[in-house]
Amino acid sequence: RQPSTEELDVLLGDFVAYRNDFENNRPAAERLLSIGEKPADRTLDPLDHAAMTLVANLLLNLDESISQN
């Protein structure tokens, strides 16, 4: 389903907070992006990429996502 305006506001706020954290700790963003089977896409801004990774993690861990099927 599409998120409501309020939900989008929360997600955007989370993204901004995560990005600010990574801006103050760039090595943490690099460590996060080094995890996984495939290498990180180096054409993406690593701070945005790491912050969006945490937003995606948040979405995938919602009960609504888990119990969809």
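**Helix packing and the nonpolar core**

In helix α2 (residues 26–33) of this predicted model, the buried residues are Ala28, Ala29 and Leu33, where buried denotes a relative accessible area under 20%, exposed over 50% and partly exposed in between (1.4 Å probe, protein chains only). These residues lie on the same side of α2, because they cover an arc of only 130° around the axis, the arc being that of the directions from the helix axis to the C-beta atoms. The buried residues of α2 pack against α1 and α3 (46–60). Helices are DSSP runs (H or I, at least four residues), numbered from the N terminus.

The largest nonpolar core comprises 11 residues: Leu11, Phe15, Phe22, Ala28, Ala29, Leu33, Ala40, Leu47, Ala50, Ala51 and Val55. Such a core is a set of buried Ala, Val, Leu, Ile, Met, Phe, Trp, Tyr and Cys residues joined through side-chain atoms within 4.5 Å. At least two residues of this core come from each of α1, α2 and α3, and α3 gives the most, with four residues. Val55 touches Leu11, Phe15 and Tyr18, residues up to four places away in sequence not being counted; contact means heavy atoms within 4.5 Å.

Asn20, in helix α1 (residues 5–24), is partly exposed, with a relative accessible area of 39%. The C-alpha atoms of Asn20 and Leu47 are 8.5 Å apart in space, with the two residues 27 apart in sequence.

Residues are numbered from 1 along each chain as its sequence is written, and side-chain values use heavy atoms, with hydrogens and water left out. For this predicted model, local features need pLDDT of at least 70 and side-chain atom pairs count only at pLDDT 80 or more, whereas totals for chains, interfaces and linings use all residues.
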